[in-house]
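Please open the model in a viewer and keep the selection panel at hand.

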Amino acid sequence: MPLDSDVFEPLIETVRRFVDGRLIPCEDAVAEADEIPRSLIDEIRHLGLFGLSIPASFGGLGLTMEEEARVIFEVGRASPAFRSIFATNVGIGSQAIVMDGTPEQKDRYLPRLASGEVIGSFALTEPDSGSDAASITTSARRDGDGYVINGTKRYITNAPEAGVFTLMARTGAREDGADGVTAFLVDRDTPGLAVGKPDKKMGQRGAHTADVVFQDCRVPVSAIVGGVEGRGFKTAMKVLDKGRLHIAAACVGAAQRLLEESLAYAAERRQFGRPIADFQLIQAALADSRTEIYAARAMVLDAARRRDLGENVSADASCCKYFASEMVGRVADRAVQILGGAGYMAEYPVERFYRDVRLFRIYEGTSQIQQLVIARSLLREHRASAEARTS
């Protein structure tokens, strides 16, 4: 159920003020230290951002997908690190439990995820499997009243901070493919679980990823999400469908910030006796960015509303993630060009955003994976239509 407008609109306004007044002024310090201050994380917790998508019955805000997207449009205007610290709790770190968890799992984890007391993480990618998620090799071998897990996960968002991991591991034979993958909930302090050193990345400093290594890590049968073996891949795909809309919304927010920075600079920077904003080629670049942002925003809101109505928007979520992540890259490139030499300098936020937004085209499914998802959906629809016409 959507929130009443007299509740939701003040929330949006509060988030907007928080982004402008607290997050954006801290961007340089976070990038320099590669860490978000604990005091700022506490403020994010108190705003309820960790629990945006978790049902109110478990302490979250229980926002619809459309409402979540609108919040992320605002948060996305600040450095992506700020969104990243709570986004796993909103999406991939909680939604497997929300969608498929047992009542006991929901009671145990969701209130702490909603409050931000615990940070959730989603352990799917491996050194030799990323886009081909069905080929994971991390194993979960049944042993008496539990499972013994062995394997390594790579580039796991918020792993250094996480208190619980939604782990995808193989319980079936390799030839079973996706049907042999099971989702587990593994607490950080489980013996045999080790988190590696934070990765050194191109951008998004302050948002951390790391390897997660499982070596004879034993978990009880009750750790299986939903209590059912072999359902992990389906759970992962449902989680990623929602996550792709969230990432698309973050791309819209980042693109909006880049446009704001571009416009402000173009209005002030003077060449040949007048602001460069007066030049038609600069105006064309600004107009192209504004148009693409509008298109991406409209796509996200349309898909989000239809998801809230219960429609299957898997292909549409891929369309949104594909278009929005590529779009923000183009907007970032134009921003650097508009600022010229200043756009290449670290003292301007455009330089940092140019590096930060590059990741959006990779995680939660690369652009190429989104193309495959979209094309396969089209082909399924075509075949179904052709069979209906001939039957």
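Helices (H or I, at least four residues) and strands (E, at least two) are DSSP runs, numbered from the N terminus. The model is predicted: local features need pLDDT of at least 70, and side-chain atom pairs count only at pLDDT 80 or more, while totals for chains, interfaces and linings use all residues. Residues are numbered from 1 along each chain as its sequence is written, and side-chain values use heavy atoms, with hydrogens and water left out.

**Annotated spans**

Select residues 11-117, which UniProt, in an unreviewed entry, lists as "domain: Acyl-CoA dehydrogenase/oxidase N-terminal". This span is 65% helix and 0% strand, and its end C-alpha atoms lie 21 Å apart. UniProt positions are given in the numbering used here, feature names are shortened, and annotations may be inferred rather than shown by experiment.

**Strand β7 and its partners**

Move to β7 (209-220). Two strands pair if DSSP finds at least two bridges between them. Strand β3 (residues 146-157) runs antiparallel to β7 and is joined to it by nine bridges; one to display is that of Tyr 147, whose partner in β7 is Val 219. β6 is also antiparallel to β7, with three bridges between them, and Val 195 has Val 212 in β7 as its bridge partner.

Most residues other than glycine have a negative phi. Asp 216, in strand β7, has a positive phi of about 50° although it is not a glycine. Is Asp 216 buried or exposed? With buried meaning under 20% relative accessible area, exposed over 50%, and partly exposed in between (1.4 Å probe, protein chains only), Asp 216 is exposed at 53%. Gln 204, in the loop between β6 (193-195) and β7, likewise has a positive phi, near 50°. Gln 204 counts as buried because its relative accessibility is 3%.

**The second largest pocket**

Select Arg 108, Tyr 109, Pro 220, Ser 222 and Ala 223, which lie nearest the centre of the second largest pocket among its 13 lining residues. On a 1 Å grid over the protein atoms alone, a pocket is an open set of points where a 1.4 Å probe fits, with protein on both sides within 12 Å along at least five of seven lines; lining residues have an atom within 4 Å of a point. Which elements each supply at least two residues of this lining? They are α7 (103-115), β5 (181-187) and β7, and α7 gives the largest share, four residues.

Now select α11 (residues 349-356), a mostly covered helix in which six of eight residues are buried. The buried residues are Pro 349, Val 350, Glu 351, Arg 352, Phe 353 and Asp 356. They pack against α2 (27-33), α5 (80-90), α8 (232-268) and α10 (314-339), where contact means heavy atoms within 4.5 Å.

Finish at Ala 295 in helix α9 (residues 280-308). Ala 295 is partly exposed, with a relative accessible area of 30%.
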